[in-house]
Amino acid sequence: MQYFQDAGLITPWGCIEHGALLAGDGKIRALGAVEAIACPEGAEVIDAHGLLLSPGFIDIQINGGFGKDFTAEPGALWEVAAGLPRYGVTSFLPTVITSPPETAQRALEVLRQGPPPGWRGAQPLGYHLEGPMLNPTRKGAHNADHIRPPSLEVIEGWSRANGVILVTLAPELPGALEVVQELRQRGVAVSAGHSAASYEQALLAFDYGVGFGTHLFNAQPVLAAREPGLAGALLDDRRVCMGLIPDGIHVHPGMIRLVWKLAACERLILITDSMAAMGMPPGTYKLGDYEVFVDGTSARLADGMLAGSIITLEQAVRNLCGFTGCLLEEALLSVTEIPARSLGLAGKGRLEAGMDADLVLLTPEGQVVKTFVNGELLISAK
Ligand code: ZN
């Protein structure tokens, strides 16, 4: 048993100052004001005075990190996962981008086989398959040679039970809506992205069960007065959540403030979209088939096209606070409660009795101090 004493507890209902949380057997057992939660005899007391205790962070779009890319090297899954707790990440959706069909199959197989003996790290909950059913005119850093039109053949073997949680596709393509319906039947969430969808096409896709937008504003039409497009539909329609890369490069801080005013604490999910260079020095790295040049602030193809980010989820949270002036506890909802609730990630994203003891102790400035996955301490300061 662990007894977190005198922490600010981040809950969806606000922050409980001077709180206590009891964890045991990998689960949260009880929480509340410190005087209301007794410390059982024999429990390990963790003094959290002056710190905040948050649910573990969840990254729903991450291409890799620590020099490894999930698409180029699906077998690197567990190695990358082992490094993520240092940034407060306790679970994530490894993301495989547009690639030959064997790549996704191989990735699913790696997840099915499970981690090597003695492995510890952030838990991969299932994949985010970003592609291959994308609009070639909005392909970004995806290889057009592997883009395929939507069809039931492409999604053969894709289901939640098989380890696919989320699929990004362009819903305006012929046949896409049938694919959306079928994926939803199989328990897979669908996100509109790398898309040229008009506002009307996007709303129709939401009717069919598309519930997310992938990296808002990036690889989609600009928001324009008479053509709101996919971005306008995502911002306007409260049925959907949207991922946003808050590195200050993919989206201007002024636009992030605008998004915050429309979707704060409800529908905004911070993602890193990080690639292999996350957690690494500047240099040349892989994203799928391509070489990516990383200069310390951004990751780009040889022609200058942005190719994922190098931001960490910990930094993403701090950036959102910095760009919008929001409270840390508000920003944290975008990497905990909102992704967990919108994707139905059981046991995740919330401090509540019975949930998994995926926990992050943070300074009030948002620096990760300790990260616990299923109650196990994986990092202590950096
Ligand atoms: Zn993308």
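The side chains of K348 and D356 meet in a salt bridge of 2.9 Å, N to O; the term covers a side-chain nitrogen of Lys or Arg within 4 Å of a carboxyl oxygen of Asp or Glu. Both K348 and D356 are buried (buried is under 20% relative accessible area, exposed over 50%, partly exposed in between, with a 1.4 Å probe and protein chains only). The model is predicted: local features need pLDDT of at least 70 and side-chain atom pairs count only at pLDDT 80 or more, while totals for chains, interfaces and linings use all residues. Residues are numbered from 1 along each chain as its sequence is written, and side-chain values use heavy atoms, with hydrogens and water left out.

**Salt bridges**

- K348 and D356 belong to a network of salt bridges that also links K27 and D358.
- Across the whole structure, a search finds 16 salt bridges.
- R341 and E337 form one of them, with the closest N and O atoms 3.1 Å apart.
- Both R341 and E337 lie in helix α9 (residues 337-343), 4 residues apart, about one turn of the helix; helices (H or I, at least four residues) and strands (E, at least two) are DSSP runs, numbered from the N terminus.
- R341 counts as partly exposed because its relative accessibility is 48%, whereas E337, at 8%, counts as buried.
- R186 forms a salt bridge with E182, the closest N and O atoms being 2.9 Å apart.
- R186 is partly exposed at 25% relative accessible area, and E182 is partly exposed at 28%.

**Zinc site**

- E130 (OE), H194 (NE2) and H215 (NE2) coordinate the zinc ion at 2.0 to 2.2 Å; donors are N, O and S atoms within 2.8 Å of the metal (3.2 Å for Na, K and Ca), and sites may look incomplete because water is not among the atoms.
- The spacing of the donor residues in sequence is E-x63-H-x20-H.
- E130, in strand β11 (residues 127-130), and H194, in the loop between β13 (189-192) and α4 (199-207), are 64 residues apart and link distant parts of the chain.
- Both E130 and H194 are buried.

**Sheet β17-β18-β19**

- The 3 strands form an open sheet in this order, with antiparallel pairing; two strands pair if DSSP finds at least two bridges between them.
- β17 (283-287) and β19 (299-300) stand at the edges with a single partner strand each, so one side of each has no neighbour in the sheet.
- β17 pairs with β18 (residues 290-294) over 5 bridges, and the bridge partner of T284 in β18 is F293.
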